[in-house]
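Here are a few notes to go with the model. Keep the structure open beside you and look up each residue as it comes along.

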Amino acid sequence: MLKKIVLASLVAVPLLSIAQDVPITGTVSSKCIIYTETAGVYGNPSPSILSTLPADGGVQPVIRYDVLQSGYYKAVISTPNTFSSSPTLPDSVTWTGSVDVSRVTNAAMSAYSTNKVTYNNTTEIVLSVPGSVWFKAESKAEYGYNKAFPAGTYRAMVTASCIAI
Amino acid sequence: MFRYVFMIMALIGGYANAHQFLPTYPKFEHSFITGVMYTKMELFNKRNDVEYYELNVYDNNWNSIAFASESKIVQVNYLQTKSVNVYVKKEDLVRVTYICTESKHKRESGQNTVIASQICSKVK
């Protein structure tokens with residue numbers, strides 16, 4: 001009789017101990033990650049022009065934005081309006097630039113091309129669809145009036161921002 | 001379906017350089033100094049071309065607001081995550097809207113064009 005009670009209690013104790021809730025918790029938080037895919041290179045199709053267009057021998061900078069939730073961030077991309085380093089330039093430089101959608105992971109992101117807001121050298125796009133989107137920037141610098149750029153290395157900066165809204 | 005596409009894209013894009021700054025909507029708490037509030041931010045550097053990030057605090061018109069931190073230029077090695085405490089005076093807290101990090105680049109960097117990345121969290 002005693003053996004049966006001991007055996008029954010030994011069986012019951014582990015059963016009691018495994019009858020516990022195991023909570024699983026998870027947090028979904030919004031975040032934005034900026035990937036610099038291609039830094040870009042200026043081509044020199046004529047002595048007075050530096051351009052990132054492939055047709056001008058350049059490479060366009062490509063920036064990828066990853067957002068995990070929609071409507072939490074906007075992308076703000078500024079094309080250069082000055083060189084960050086260059087030889088001395090006595091004459092003025094005329095800058096033009098643009099930003100456009102290059103690749104998308106969701107077809108709804110194609111609306112970014114039409115919904116973008118552009119002012120000065122800056123383009124703003126509300127990242128309203130979760131996923132990855134690639135933007136390519138184009139930058140062109142013209143020196144004086146058909147004047148040749150002095151020899152040297154020219155560097156300029158594209159600023160890609162992801163701003164919480 | 002979208003989840004698979006996102007995973008594939010993440011794997012394909014694994015070589016790229018990335019910058020991440022969290023949380024999106026930070027909350028300020030009382031610090032150990034009377035009249036000073038602080039929040040903890042987390043910066044992740046997956047850009048192998050960048051080692052330094054500048055920290056800034058702005059109001060909703062993008063005017064700078066005085067703040068304190070361990071360092072305004074934060075050194076974060078490649079693939080390193082760094083926690084940064086941002087301290088703001090309690091009376092300035094109502095104006096604080098954005099906390100941003102921006103990548104800083106060396107003048108002699110090898111590329112013709114350089115992409116500076118900036119991520120701003122919003123204080124609501």
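1. Start with strand pairing across the two chains. In this predicted model, S1(A) and strand S1 of chain B (residues 17–22) run antiparallel and are joined by 4 bridges. Two pairs are handy to click on: A:Thr36 has B:Asn17 as its bridge partner, and A:Ile33 has B:Gln20.

2. Now stay with S1(B) and look inside its own chain. Strand S3 of chain B, residues 36–46, is joined to S1(B) by 5 bridges, and this pair runs antiparallel. For an example, pick B:Phe21: its bridge partner in S3(B) is B:Leu43. So much for the strands; next comes the contact itself.

3. How many residues does the contact take from each chain? Chain A gives 37 residues and chain B gives 28. On the side of chain A that touches chain B, the elements giving two or more residues are S1 (32–38), S4 (62–67), S6 (83–85), S10 (131–143) and S11 (155–164), strands of chain A. S11(A) supplies the largest share of that side, with 10 residues. Sorted by class, that side of chain A has 19 nonpolar, 14 polar and 4 charged residues.

4. Which residues of the largest nonpolar core touch the most other members? This core holds 53 residues, and the ones to find are A:Cys32, A:Ile34, A:Ile63, A:Tyr65, A:Ile77 and A:Phe135. S11(A) turns up again here, giving the largest share of this core, 6 residues.

5. Take A:Phe135 from that list and check what it touches. Leaving out residues up to four places away in sequence, A:Phe135 touches A:Ile63, A:Ala75, A:Ile77, A:Val99, A:Asp100, A:Val101 and A:Ser102.

6. Last, hop over to B:Gln118, which is found in strand S8 of chain B, residues 113–122. Is B:Gln118 buried or exposed? B:Gln118 counts as buried because 21 other C-beta atoms lie within 10 Å, and the cut-off for buried is 20 or more. Not counting residues up to four places away in sequence, B:Gln118 touches A:Thr159 and A:Ser161 in chain A, plus B:Cys100 and B:Glu102 in chain B.

Conventions:
Residues numbered from 1 in each chain as written. Chains lettered and ligands numbered in written order. Predicted model: local features only at pLDDT ≥ 70, side-chain atom pairs only at ≥ 80, totals over all residues. Contact = placed C-beta atoms within 7 Å. Nonpolar A, V, L, I, M, F, W, Y, C, P; charged D, E, K, R; others polar. Pairing = 2+ DSSP bridges. Core = buried A, V, L, I, M, F, W, Y, C linked by C-beta atoms within 7 Å. Buried ≥ 20, exposed ≤ 12 C-beta atoms within 10 Å, placed from the backbone.
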